[in-house]
Every structure is written in structure tokens, then in C-alpha cells.
Amino acid sequence: MKLTVWTYEGPPHVGAMRIATSMRGLHYVLHAPQGDTYADLLFTMIERRKSRPPVTYTTFQARDLGADTAEIFKRACAEAVERFDPQAIIVGASCTAELIQDDPGGLAKTLDLAVPVVPLELPSYSKKENWGAAETFYRLVRGFAGGRTAPERGGAGPKSCNILGPTSLGFHNRDDIVEVRKILDLLGVSVNVVAPLDATPADLSRIPDADFNVVLYPEIADTAARWLEKEFKQPAVRTVPIGVNATKDFIRAVADLAGVDPKPALAAGNERLSWYSISIDSNYLTGKRVFIFGDATHAVAAARVAETELGFKVCGLGTYSREFARDVRAAAKGYGVDALISDDHLEIEDAITAAQPELVLGTQMERHIAKRLRIPCAVISAPVHVQDFPARYAPQMGFEGANVLFDTWVHPLTMGLEEHLLGMFRDDFEFNDTVEASHLAAVHQTPSPEGSREAPEPQLDLPSWSLDAEDELKKIPFFVRGKARRNTEQFAAESGIDVITIETLYDAKAHFGR
């Protein structure tokens, strides 16, 4: 572990909280000190939940460490079952409580509780949140569906499936489910169970009854789906329907497993992304450089949409999901870029700065980075903040999700007419690049008080620019023009050049592009 001001994932017990909060009839007893009790903030503020998450903390304090913390945990377990009357409980320890080695699973077993207990062993110092969520979901599925006899498959008649992976704090998961259900209805496939979101422990025991599984979010559901495939010979559709082409691939994959005709579902899509992306001035979209970072599922899907459906050029692709690094590396290779596998936001910021994209698609952190660099941006993946749980309907999946992607990604860009007007008024006395954002800014400036003791900032002895070089510099997009100017001036100063010419500008570009 390391101290940081930003993290893409919390410790694995936060992933377990997400599963518990997603489900109904499940309660999480977490052995944790007072400082680890922040679940309410995560779910009630960020996700705007109407109810508190189903988590009971032992909240032991420093003075309890010299006494019996195990007894505190057992008392919390018994009280949680009596108060909340859940169908089942899961028990585990936070990263801090893990150090005292009280064994919550073993302690809960000695209580002989009236409900099933699923113990969790989540190594806080080597694994992270998504892994913790996937492991918790797998343990629950195995605990409630395990031991059943695999039903016979392949018979005639309508097919059914499970939708696996959506959770609390997931990126637009609830709206995605609605879109996927529409597709399945058009194909005549019924939904047996959606899990973990809104499922109960009893629902998990019915998962083997379906003919196949739909894995919407592999970071959460892949481990459980692989166990189901092995244990019950239950196949899975792993195509994630984000974007027009991926949605069509998803429809064909489901139709193939269900033995139905995909044409009605393919024809029913009311998507506008395809026409909008080719009906706009080609300078508007084609060739725009885009940097993409997020969880593996959304990052890989976004890269496909950006390059093959919108005509963007992927200049960077990465993920913080190390468990799926191989998938991202394979995708990045197809776009001619090196995958960035990291959870260090400073490393991602350096990569974005070096790539000089015209659009950034990422998490809440990349939104902050892009704003600092004055680059258009859109959020495509968790972790997110409160504004990415919108009141409106905003799926990412299916044909309607493709429409949402178009609006979300394209609208931050400088539009064709806007770009034309910027060029037209580039040399206008009110609107050129050298003036403030508002021509009224000077009116509101407060003069510095007389006698101020603040020393003036030292002025650097920079090379001057020729008029031709200044004109050439203005052809560079405004959001990277400042960096180009600084690099050129640095190059000229180090090379002993007093006046920057067009040749100097391009020599500097070649120098820093090595």
C-alpha cells in the first residue's frame, strides 16, 4: 500500500460493500475501527441512495486493542442478525482490522446463527476494490448455487439467461440493464436473474436454471461466470454491447446461444450515432486524437467506438484494472499504441500531456487532469463523482447507449462552425488569443495597493519571435499552443538562438518529438 491523494480503487472490503449494497436481504458485518466506517458517504452522497448501506461495523477503538476485539465482533454479528433479519450475512475485515488477525469467518461460525454466513478472505495489502467485489460475488454464487444438480440444456422452446455484473457505484449500470433487457425481449429471451444488483441470496440459488449467462461487466462477474460454466456447463456471452458494432455483435452472440433469428433485434435499433458521425464536417471528427483511460471493459469498448465509429485516432489507451491488463494490451496493439497499465494518476497525467490529445475519455481523475490542461473531456468509467449518477436516463449500452455516447463525447469538442469562427476572429482586437477570457475582465481588475512590498516576478530573458513564426504558431491548436511555445523558447535558449523563425519552430518540434 502507499499514501496517495487519489486512488482509482479502494481496498477489497469496499468491493464487498458494493456487492452487499447492491443486493437485497444481504448484510455485511465488517470488523473495522472507527476510521474505516465511510460506506455511508460513498453510497448515500455519491450514488444518492435513499437508504443506508446494509453494513454493520464493529468500530473498535484504540483502547479495545488491549482487550478482546474478537468478542466485540461476535456481539456485532449477533446484534446485526437480530436487528436486520437478513437472508444471509457476509463477514470480513477492513485493511486495518486485518492486522489484528481476529478471523471474522471463524468467529461467526461459533455463533451458530440462524442465517447462512459467507466468510470473506480479502487480502487488503495485495488486492483492490474490483477484485474484492468479484471475489465476494463469486463466493456468494458458489455458496448459494453450489451443490445443485446441473439442469438439462438444449431442449426446444424459449431460452432464458442471467445478467451478471451490475453493481452499486457502477457506471450507469441501472440504465444499461434496461437497454439490455430490451434487446433480450426482441430476441425472445427471458431474464432469469439479474445479479448482484437487486438480487437476493435466494435469487442466486436460481442462477443455474438459466440456459446461459450475459456477462455485462467482467471486472465483477467473470470469476463467477467461469465457475458456473465449469460447474453447470452454463455458457456465457462476454461481448459487451457498448457502441453500435459491439451491440450488433452482442445480438448475434445471444441469438446464436438462444437459437433464434437476430434480424428483428438488429433492425429495431434506433441509433443515430452512425449517421451523425458521417454527416458532420469531416474536419470536426475525423482524425481527432483521443486518449482513453478507465476500467478495462469501458476503456476497450470506448477505443473501438472512437476509432471505428466516430473516426477518431486513438493516441493513448490504458487501464487501472491490472487483472485485465492482457485484454487492454491486445486492444492497444491494434491501434498502434502502447497500453498504459497503472493506478498512479501522476503517471497518467504525464502520458496525457505527452500524447497531446484533442479529447480525453476517462474517469473522474482524467476529467480533473484534462481541465487543468484545457483539453475537452468526458467521463466513461468509474470511479466517478456525484454528477455521473444523472437523474436522466443515460445508458452506455445498446443502440440508445450509442446515441448517449455520441452526445457525451462529441459535444465537448470545438464544433465545425465554432472552429471556423475562431479562425475568422483570431486577429480581432477583442477575441484574439492574447486577451482575457472576457473583454470586460480589465474593468474589474483591482489595482495593487501603493507601497506593496511584494517583489515583482523575475522576467526570463527569452528569445524573440519573428512575425512568420508567430503566424505559424497560431496554426497549432490552442490547447497545446502554450506547450509548443514553451518548448520552442526552451530549445532556442539552449541552442543560443536570439530570434525564433519558422525553421526554429520545426527544429524544436523534431527535438522534443524524439
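Buried here means under 20% relative accessible area, exposed means over 50%, and partly exposed is in between (1.4 Å probe, protein chains only). At 34% relative accessibility, Gln356 therefore counts as partly exposed.

A word on the model itself. It is predicted, so local features need pLDDT of at least 70 and side-chain atom pairs count only at pLDDT 80 or more, while totals for chains, interfaces and linings use all residues. Residues are numbered from 1 along each chain as its sequence is written, and side-chain values use heavy atoms, with hydrogens and water left out.

Most residues other than glycine have a negative phi, and most peptide bonds are trans. Gln356 is not a glycine, yet has a positive phi of about 50 degrees. Gln356 sits in the loop between α15 and β12 (359–362); helices (H or I, at least four residues) and strands (E, at least two) are DSSP runs, numbered from the N terminus. Leu169, also not a glycine, has a positive phi of about 65 degrees. Its place is the loop between β5 (160–164) and α6 (173–186), and with a relative accessible area of 13%, Leu169 is buried.

Then there are the cis peptide bonds. One joins Ala195 and Pro196, with omega about 5 degrees, and Pro196 is in the loop between β6 (190–195) and α7 (201–204). Another joins Ala382 and Pro383, again with omega about 5 degrees; Pro383 belongs to the loop between β13 (377–379) and α17 (398–410).

**Salt bridges**

How many salt bridges does a search of the whole structure find? There are 21, taking a salt bridge as a side-chain nitrogen of Lys or Arg within 4 Å of a carboxyl oxygen of Asp or Glu. Here are some of them:

| Pair | N to O distance |
|---|---|
| Arg18 and Glu129 | 3.0 Å |
| Arg139 and Glu135 | 2.9 Å |
| Asp249 and Arg304 | 2.9 Å |

Take the Arg18 and Glu129 bridge, at 3.0 Å. Arg18 lies in helix α1 and Glu129 in helix α5, so the pair ties together parts that are 111 residues apart in sequence. Arg18 is buried at 7% relative accessibility, and Glu129 is buried at 13%.

Arg139 and Glu135 are 4 residues apart in helix α5, which means about one helical turn separates them. Arg139 counts as partly exposed at 37%, whereas Glu135 is buried at 14%.

As for the salt bridge between Asp249 and Arg304, Asp249 lies in helix α9 (residues 244–258) and Arg304 in helix α13, so the pair ties together parts that are 55 residues apart in sequence. Asp249 is partly exposed at 29%, and Arg304 is partly exposed at 30%. Elsewhere, salt bridges that share partners link Asp222, Arg226, Glu229 and Arg238 into one network.

**Pocket and cavity**

On a 1 Å grid over the protein atoms alone, a cavity is a set of points where a 1.4 Å probe fits but cannot get out, and a pocket is an open set with protein on both sides within 12 Å along at least five of seven lines; lining residues have an atom within 4 Å of a point. Grid points are joined across faces, edges and corners, and a volume is the space filled by probe spheres set on the points.

The second largest pocket has a volume of about 1,400 Å³. Its lining has 49 residues, and Thr7, Tyr8, Glu9, Gly10 and Glu129 lie nearest its centre. Which helix gives the most to this lining? It is α2, with 4 residues. By class, the lining of the second largest pocket has 22 nonpolar, 15 polar and 12 charged residues. For these classes, Ala, Val, Leu, Ile, Met, Phe, Trp, Tyr, Cys and Pro count as nonpolar, Asp, Glu, Lys and Arg as charged, and the others, Gly among them, as polar.

A search of the whole structure finds 1 cavity of 30 Å³ or more. The largest cavity has a volume of about 40 Å³, and the residues lining it include His298, Gln396 and Trp409. The largest share of that lining, 3 residues, comes from α13. The lining of the largest cavity divides into 6 nonpolar, 2 polar and no charged residues.
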